[in-house]
Amino acid sequence: MSDTIVLLPDQSTARIPKRNYLTQENGLLSWLLTRDHKRIGILYLISISFFFLLGGSLAGLIRLELLTPQSDLLATDTYNKVFTMHGVIMIFFFLVPSVPATLGNFFLPLMIGAKDLALPKMNLASWYMYMAGGLLALWAMITGGVDTGWTFTTPLSTHFVNTNVITTGLAIFISGFSSIFTGLNFIVTIHKMRAPGMTWFRLPLFVWSNYAASVLMVLGTPVLGITLILVVLERTVGIGIFDPTKGGDPLLFQHLFWFYSHPAVYIMILPGMGVISEVISTFSRKRVFGYTAVAFSSVAIAVFGFFVWAHHMFIMGISNYAVLVFSLLTMLVAVPSAIKIFNWALTLYKGSITFETPMIYAFGFMGLFTIGGMTGVFLGTSGTDIHLTETYFIVAHFHFVMVGGMLMAFLAGLHFWWPKMTGRMYPEKVSQFAAVVTFIGFNLTFFPQFILGTLGMPRRYASYPPEFQVLNVFSTAGATILGVGYLLPVLYLTWSLKYGAIAGDNPWQATGLEWQTQSPPLTENFTQIPIMDHEAYDYEWLERQKEKEVASVG
Amino acid sequence: MSEPQESGHRIINPRVSFLVYLALVAGVGLTIVASYQNLGIFNPILAVAIALVQASLVALFSMHLKYSPRVSKLSVGSGIFMLLTLFAMVLLDYMSRAWGSW
Amino acid sequence: MSDSTVIAHDGLEAGHHEHSPHLHHQFESVEQQADAGNFAMWLFLLTEVMFFGGLFTVYMIYRNWYYPAFVAASHQLSVKLGGINSVLLITSSLTMTLGVWSAQLRRKGSLIFFLMLTFLLGVVFLGIKGVEYKEKFEKHHFPGANYSLQSFVNPASDPVAVAAGDKPLPLDIAQRTEVYFSLYFAMTGMHALHMIVGMGILLFMIFRARSDAYTTGHTAFVEYFGLYWHFVDIIWIFLFPLLYLINRH
């Protein structure tokens, strides 16, 4: 076993601790009324997985339709509804809450040595808001759907479509509360609930990145809220704020919408970057290179993220001077992102690297996110943007960052912390296979779309000229492989709940406080509040701890 | 400032509340009076300036911000910063769309 | 500081935090809980600032674009009613401060008195707002299909416009008054909605205060509600000059 760091207890004698957060109370009500951040994290995990599979099936429909140049599987207006609902569900009901509300909820208090989040009731309310919004969105989908695209661009959304814009808008408004509650809770918790000795610069980088994402949630989401309310009022009452016939400016809608929705992509990606920092450090047995730089780059991304939104509007009619300024500022965001990538690369340098599943996903993230980020610079350049925007290039760029980046990070984190959450290991070989399948399927799906985009294939159409068919067939074939890659974890993770090997407290020999307690953890997290007396990612400290244990037992 | 002020838990003397109240009412009167004078460009500027003073009084004394933990002050600061960012960056587009006629 | 006094905490006096019945399980001490609660409340108000910030941005753009229309439309509002409402809301802010003060000094009677006074002032404010809204509906100044330009293209037909000395606006400019009223109803409507929510909570607090919920040393809820109520006051402090007092001279 020289090629792995996994350290499992003797399986013949090991058992899962009798008392843990899962066995503390029983019954459905004990879950629905729980204040325990770990249980709420699990609730979130189940519900976002449901929405992910739903959004994924819609994506499957899209790819199937695009197999042929004609619009034959779906009528064009059905196609519009399908891609809109795919976007709405994936962005507002999967990507935004994905890592923070599941892994963040579960591990943030454990990592900083707290018993719970600062506001447990609000945490539960956040899940209910999420479910209310999600069910309302489902209702809108079942009763006719919505076909504006996930951006709700006015005046299309206010005047020219007759689909469920109001219901979907309200659904997103309600789910916005869940995002605000989570973000607010995280900020207060990180500021006020850290264990003794847990200074800001001893925090795991996962906490830093979730902090930065939380700031974005708290500051950005309300602006989206009021914007959607104005759209709803425009449809119901007929106020004229975005209505050009009454003197309103539709571009103002886009300004306000992107003021949230651009930072929202950082809400989605930042927690994922936090996961990658943890995984890379653990599986190369080294402190994250340039800890401070990586920590501050999260904050820098959060701050810069608010200054670049108009790059979504270069061809929409904003002034050329604004294009110049926003284009320049957009380039700036590439800097902190690059700092992270380089620092992870230098963490790997001369590390003792092992290739457990989370690490394979993390490598996938690094490669795909780099490509996604670099193409983002192409799009931020106003000249190239005019050619590439509204083509498949945008689609490919966004999916490289969000699916190749964020989803890989989510799966990395899920596998990484699965033993801690459930007390059992997932099957290693199958999951390594699934990670590789995902990577191959992903590239086959989305790389052709870069080419399609540069060739000029526009997005959001059900039909396309026949000369684009070859690349589209590649893309659809890749999507099938990708689908298999995502179904595999669903199957084997469920399997592992009962049949997985007992993981023990610290199977990865990682340094975070969450690994120094039992798996699955107690409801109160720690038997006594830990005192942090070492830096983050201090593997020598871990070795000394183990020696001490051996000495005291032997 | 002594140690306990970090706990953000102070009783404000009603005398202070009344003084703030009088200042706020005076502010309302002043805004109305000023708006009926022709001050040109300074009319809206003065109105917003008075409103800012009033809002600061409410925040600092009625809302105890003066005695609140540093992080609470920080959140107010970041709110003002983001608000100004939103205003400034939107204005950047609108003002440069039609130079001079803004 | 002479303008305030520090409370000695129950927890500090008791020496051990486990003794405080108001300490939630996730906190280590009463101070930590108080700090976290205060911070959370300010963060919540931060989201409210950004929520209204969107509306203020819209206002800023259109006021500059359609200034003459905004002037004429603003003249339709009554400075008298708006001014009275300003004073009412500021007064309710004062009574809320005194309510918090009563809770901190554990005076149940005066706490209930001030909460009720705050509630009543809120009712009167909303009543006056209702009178103003009603007048706008009757004159068809509510945006939508029934919107009427009568007061702006032909001010002589409208005594309010005559009193303000308004001149007839060309049709294309007069049409922009609908943008003003869209904003007027959106902004004051959102503000009124916040007040209605606040008054619901006030009723709840009056009900709870009768059974000594806030006068046994745990004043946090009243304090946090006070912050919210003052915030609603601050929004109105900006709305009043921006909506009512455009070019009155």
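Analyst: Of the 249 residues of chain C, 63% count as buried, where buried means under 20% relative accessible area, exposed over 50% and partly exposed in between (1.4 Å probe, protein chains only). This is a predicted model, in which local features need pLDDT of at least 70 and side-chain atom pairs count only at pLDDT 80 or more, while totals for chains, interfaces and linings use all residues. Residues are numbered from 1 along each chain as its sequence is written, chains are lettered from A and ligands numbered from 1 in the order in which they are written, and side-chain values use heavy atoms, with hydrogens and water left out.

User: What makes up the secondary structure of chain C?

Analyst: Chain C has ten helices and one strand. Helices (H or I, at least four residues) and strands (E, at least two) are DSSP runs, numbered from the N terminus. In that direction the elements of chain C follow the order β-α-α-α-α-α-α-α-α-α-α.

User: How does the radius of gyration of chain C stand against that of a compact globule of 249 residues?

Analyst: The radius of gyration is taken over C-alpha atoms, and the globule rule is 2.2 Å times the number of residues to the power 0.38. A compact globule of 249 residues would come near 18 Å, but chain C has 23 Å. Along the principal axes, its C-alpha trace spans about 75 × 40 × 30 Å.

User: Why is chain A called as compact as a globular protein of that length?

Analyst: Chain A, with 17 helices and zero strands, has a radius of gyration of 23 Å; the globule rule gives 24 Å for 554 residues, and the two values are close, so the description applies. The box filled by the C-alpha atoms of chain A is roughly 80 × 45 × 45 Å along the principal axes. Buried residues are 63% of the 554 in chain A.

User: Why is Glu234(A) called buried?

Analyst: Glu234(A) has a relative accessible area of 6%, which is under the 20% limit, so the label buried applies. Glu234(A) belongs to helix H8 (residues 205-236) of chain A. Leaving out residues up to four places away in sequence, Glu234(A) touches residues including Thr158(A), His159(A) and Phe242(A); contact means heavy atoms within 4.5 Å. The C-alpha atoms of Glu234(A) and Thr154(A), 80 residues apart along the chain, lie 10.0 Å from each other.

User: How do you know that Thr31(B) is buried?

Analyst: The relative accessible area of Thr31(B) is 5%, and this value also falls under 20%, so Thr31(B) is classed as buried. Thr31(B) sits in helix H1 (residues 14-35) of chain B. Apart from neighbours within four places in sequence, its contacts are Ala47(B), Ile50(B), Pro241(C) and Leu245(C).

User: What is the area buried between chain C and chain B?

Analyst: The size of an interface is often given as the accessible area lost when the parts come together. Buried area is the accessible area (1.4 Å probe) that two parts lose on being put together, summed over both. Between chain C and chain B this area is about 5000 Å², with carbon and sulfur atoms giving 74%. The largest share of the side of chain C that touches chain B comes from H2(C), with 19 residues. That side divides into 31 nonpolar, 16 polar and six charged residues. Here Ala, Val, Leu, Ile, Met, Phe, Trp, Tyr, Cys and Pro count as nonpolar, Asp, Glu, Lys and Arg as charged, and the others, Gly among them, as polar. In all, 53 residues of chain C are in contact with 58 residues of chain B.

User: How large is the area buried between chain C and chain A?

Analyst: Chain C and chain A bury about 2900 Å², of which carbon and sulfur atoms give 75%. In chain C, Gln26(C), Met50(C) and Phe51(C) lose the most area to chain A, together 18% of what that side buries.
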